Amino acid sequence: MSLKGRIHSFESCGTVDGPGIRFIVFMQGCLMRCQYCHNRDTWDLHDGKEITVDELIKEATAYRHFMNASGGGVTASGGEAMLQPEFVRDFFRAAQAQGIHTCLDTNGYIRKHTDVIDEVLDAADLVMLDLKQINDDVHQDLVGVPNKRVLDFAHYLHKRGQKTWIRYVVVPGKTDDEQSAHLLGDFIKDMDNIEKVELLPYHQLGEHKWEAMGFDYPLKGVNPPPKETMEKIQSIISGYTSAKVMF
C-alpha cells in the first residue's frame with residue numbers, strides 16, 4: 001500500500017532548489033521558527049493536504065523529460081522534509097527507480113537518529129543543508145531552537161561522505177557580519193563532502209504571508225544585504241574551503 005504524507009504544495013519546474021529543472025515537493029510541518037521564513041504557512045504539521053507516494057510520483061514523472069534533459073530531478077523541501085522521513089524515503093526510492101535524481105533540502109534539525117534517517121540519506125543523491133548560524137545564541141534568537149542537532153547532523157553527513165551543498169541565508173543584523181562568516185568557514189573547512197556553499201541574500205517575499213495569516217513579520221523594515229556584503233562573506237568563506245562558494 002502506498003504510504004501517505006502531508007504536503008503543502010509542489011512546484012513542477014523549479015530551478016533554485018538543486019541542480020537543473022526540478023519537481024519540488026514542499027512538505028508540511030516545521031519545528032524551526034525562522035524570523036525570515038517565506039513559507040510561514042508550512043509550519044503546522046496538521047495543515048496542508050494528504051497525498052500518497054504513488055500519486056506524487058505520478059505527478060513528478062510527467063516532467064521527467066525536462067528534469068533529465070537539464071540534469072535535474074526531484075527535491076523534498078518544506079517546511080521540513082525530515083519530519084516525514086518514511087514518506088520522503090519511499091518517494092525518493094520511487095524516483096530513483098524511474099532514473100530520477102533525488103535531493104533532500106533540510107534544516108538538519110533531526111530530533112532522533114533512527115534507521116529511517118539512514119534510509120532517506122541512502123536514497124538521496126544530494127543533500128542541501130541549511131546552516132542558519134554557527135553562533136548558538138544568535139541561532140536561537142533567529143530560528144527559535146539551538147543548533148546542536150543541526151551541527152551534529154552536518155558532522156554525520158561528513159562521516160557518511162554524503163554529497164552535500166550548504167545553504168546560508170545572509171540576514172542583515174543576524175548573519176551578515178564577518179565573525180559569523182568566519183565561524184561558518186571554520187566549521188566546514190575539513191568537510192570534503194561539501195561541493196558547494198550557496199549564499200542566499202535575505203529577501204522580504206514572505207512578509208505578505210505572515211500578514212495574511214494575522215502575524216507580525218519579525219523583520220519588518222529589514223532590507224536585503226548589498227552586493228558588497230555578499231562579496232565579503234563569499235571571500236571569507238572561500239578562504240576556508242575548496243567547495244564552490246556562490247550567490
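These are legends for several close-up views of a predicted model.

**A note on the model.** Residues are numbered from 1 along each chain as its sequence is written, and side-chain values use heavy atoms, with hydrogens and water left out. Since we are looking at a predicted model, local features need pLDDT of at least 70 and side-chain atom pairs count only at pLDDT 80 or more, while totals for chains, interfaces and linings use all residues.

View 1. Over residues 16–240 the chain is 39% helix and 18% strand, where helices (H or I, at least four residues) and strands (E, at least two) are DSSP runs numbered from the N terminus.

**View 2. Helix α3 alongside helix α4.** Two packed helices are described by the angle between their axes and the distance between the axes. Here α3 (residues 85–97) and α4 (residues 115–122) pack at an angle of about 30 degrees, with their axes 9 Å apart. Axes are lines fitted to C-alpha atoms, for helices over the stretch in contact, and angles run from 0 to 180 degrees between N-to-C directions. That angle makes α3 roughly parallel to α4; the cut-offs are under 35 degrees for roughly parallel, over 145 for roughly antiparallel, 65 to 115 for roughly perpendicular, and oblique for the rest. The crossing of α3 and α4 is left-handed, meaning that the near helix is turned anticlockwise from the far one by less than a right angle (clockwise would be right-handed). On the α3 side, P85, E86, V88, R89, F92 and R93 meet V116, I117, E119 and V120 of α4, with contact meaning heavy atoms within 4.5 Å. Sorted by class, these residues give 6 nonpolar, no polar and 4 charged. For the classes, Ala, Val, Leu, Ile, Met, Phe, Trp, Tyr, Cys and Pro count as nonpolar, Asp, Glu, Lys and Arg as charged, and the others, Gly among them, as polar.

**View 3. Helix α1 against α3.** Now α3 is paired with α1 (residues 53–61), at an angle of about 45 degrees and with the axes 10 Å apart. That makes α1 oblique to α3, and α1 passes α3 in a right-handed crossing. V53, L56, I57 and A60 in α1 meet F87, D90, F91, A94 and A95 in α3. The tally for this contact is 8 nonpolar, no polar and 1 charged residues.

**View 4. Helix α7 next to helix α9.** The axes of α7 (residues 178–188) and α9 (residues 227–238) come within 8 Å and cross at roughly 30 degrees. So α7 is roughly parallel to α9, and α7 passes α9 in a right-handed crossing. From α7, E178, A181, H182, L184 and I188 meet K232, I233, I236 and I237 of α9. By class, this contact has 6 nonpolar, 1 polar and 2 charged residues.

**View 5. G72 and the residues around it.** G72 is in the loop between α2 and β4. At 4% relative accessibility, G72 counts as buried (buried is under 20% relative accessible area, exposed over 50%, partly exposed in between, using a 1.4 Å probe and protein chains only). Leaving aside neighbours within four places in sequence, G72 is in contact with P19, G20, I21, R22, M67 and H101. G72 and I21 are 51 residues apart along the chain, yet their C-alpha atoms are separated by 4.6 Å.

**View 6. N68 in helix α2.** N68 lies in α2 (residues 64–70) and, at 39% relative accessibility, counts as partly exposed. Not counting residues up to four places away in sequence, N68 touches G99 and I100.

**View 7. A cis peptide bond between G78 and G79.** Most peptide bonds are trans. The bond joining G78 and G79 is cis, with omega about 20 degrees. G79 belongs to the loop between β4 (73–77) and α3.

View 8. V222 lies in the loop between α8 (207–212) and α9 and touches P172, Y202 and Q204, not counting residues up to four places away in sequence. D190 is in the loop between α7 and β8 (194–201), and at 59% relative accessibility D190 counts as exposed.
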